[in-house]
Every structure is written in structure tokens, then in C-alpha cells.
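Here's a quick briefing to read alongside the model. Keep the 3D view open as you go.

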Amino acid sequence: GGGWSRTSDTGAWMEGVGKWNAFRQKVEGWAGWWGAIGVKSLDTAGAHSMAVPIDRFCFDVDIAIGINVITRGSPFSGTKIRALAEARGMKLESAGVFYLRNDKGNIVYSLDNHEPMPFVPEQIKALMTSGVTFLLDVPCVAEGLGAFEGMLATARAFSSTLEGTLVDDNRTALNDEAIDKIRRQLTGILAKMEAGQIAAGGARALRLFS
């Protein structure tokens, strides 16, 4: 609850075993072809013992924070949504989603239609929707607390201008207490990533969670 969701399931161990064994066989075959003396690699048990803590770490921190702005009555127009998004530095990209990117081109947070229809540039002028969704992918964003505050400020600006309401994925109003809870949880996740030497938004995190 509270606007949180897990972005992936990393527990497909049996599938991983098959891929690992297939990879070893290919490497051993390649080595034999070139006349290599031998190939050193972890056996399945060794690979598993290393993968389990990484898998658990990923499960614990692979979180997305979502904030929805939904209508109190009249639907939101695509024209107003686009104007508000662009005023906040967001750009509509080919996937039909608005993104705010940092100076390195990495995504800070996104804005999507709360309904299934994406924001297609050619159709957005005629689009009407019951809500929009802001999303922050925690492991992939540097300075996550600042990014969250920026996303929250933008969501509040949308809510004020469009006369909407901030809610979580269960359509429960996001009051100050709920938002403070998200901040505390986010602080804990970021601290755990730092302690694991995989800083959110860093090169290792982007490789691991992209």
C-alpha cells in the first residue's frame, strides 16, 4: 500500500539453473573448439550460494513509488496534461509516456495515463482521462529523496490545476501522514542500498535493475 509496488520478481531460481548450465556447456564447448586446457567456473551449488543473497537484496529494494492524480468529476484533457508536464520539464517520448530526465539522460520519474490508453502525440489533443500516474523507480534514481519531493510537488501542481485528488494504487487519499510514511520507507531503502554498496541510480544499480 501507500503508493509502493515491486517492479520485478527475481525468484525464478529453476529457470536460472537451466540458463547457468546451458551457459557453462557453451563455454566449455567453445574452449574445447579452441583447444583450451580447461574452464574454471562455479558449479551450480556455488552459483546458487552467491545468487541467493543478491536475489534477496533485489527483492527487498526493487520498489517503485506511484502517485495517482484522479478526477473528482470532469475528466482531464490531454492538452492540459501535456502543457503541465512540459512546464515541469517533462517530455513525451515514443512509448506514450512523459519522462523527466536528469543531465545524464537518466529517468528521474515518469508520467503515464492512469487508463490503458498511452499518450499518443497525434491523439493527445482529443484525449480525455480519469487520471494520471507518476512513477519513481527507486533503485534506478540517484538522490531518491530529492526526486520523490520533486515528483510529489509536480503531482500536487497537477492536482491543484486540474482539480483532482492524490491517491495511492488502492485509490486511498495520500494525506500528509501517508506521504511521511513513504518518505521514511524510502529513506530505509536508500540506506540499505548504500550499505550494500549498490547506490541507487549508480552504474551498478542501473545494470542490476534495468
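What follows covers the salt bridges, a pocket and a surface patch.

This is a predicted model, where local features need pLDDT of at least 70, side-chain atom pairs count only at pLDDT 80 or more, and totals for chains, interfaces and linings use all residues. Residues are numbered from 1 along each chain as its sequence is written, and side-chain values use heavy atoms, with hydrogens and water left out.

**Salt bridges**

- The structure holds five salt bridges, each being a side-chain nitrogen of Lys or Arg within 4 Å of a carboxyl oxygen of Asp or Glu.
- Glutamate 149 pairs with arginine 183 in one of them, with 2.5 Å between the closest N and O atoms. This pair ties together distant parts of the chain, 34 residues apart: glutamate 149 sits in helix H4 (residues 144–162) and arginine 183 in helix H5 (residues 176–195).
- Helices (H or I, at least four residues) and strands (E, at least two) are DSSP runs, numbered from the N terminus.
- Asp180 joins Glu149 and Arg183 in a network of salt bridges.
- Glutamate 149 is partly exposed at 31% relative accessibility, and arginine 183 is partly exposed at 24%. Buried means under 20% relative accessible area, exposed over 50%, and partly exposed in between (1.4 Å probe, protein chains only).
- Glutamate 86 and arginine 82 make a salt bridge with closest N and O atoms 3.0 Å apart. They're four residues apart in helix H3 (residues 78–87), so about one helical turn separates them.
- Glutamate 93 bridges to arginine 101, with closest N and O atoms 2.8 Å apart.

**The second largest pocket**

- Its volume is about 230 Å³, the space filled by probe spheres set on grid points joined across faces, edges and corners.
- A pocket here is an open set of points on a 1 Å grid over the protein atoms alone, where a 1.4 Å probe fits, with protein on both sides within 12 Å along at least five of seven lines; lining residues have an atom within 4 Å of a point.
- The lining has 16 residues, with Tyr99, Ile107, Asp137, Cys140 and Val141 nearest the centre.
- Strand E6 gives the largest share of that lining, four residues.

**Surface patch**

- Trp30, Trp33 and Trp34 make a nonpolar surface patch, with about 530 Å² of accessible area together (Shrake-Rupley method, 1.4 Å probe).
- Patch members have over 30% relative accessible area and no salt bridge, and nonpolar side chains (Val, Leu, Ile, Met, Phe, Trp, Tyr) are joined within 5 Å.
- Tryptophan 30 lies in helix H1 (residues 13–33) and counts as exposed, at 56% relative accessibility.

Notes. Patch = residues over 30% accessible without salt bridge, like charges linked within 9 Å, V, L, I, M, F, W, Y side chains within 5 Å.
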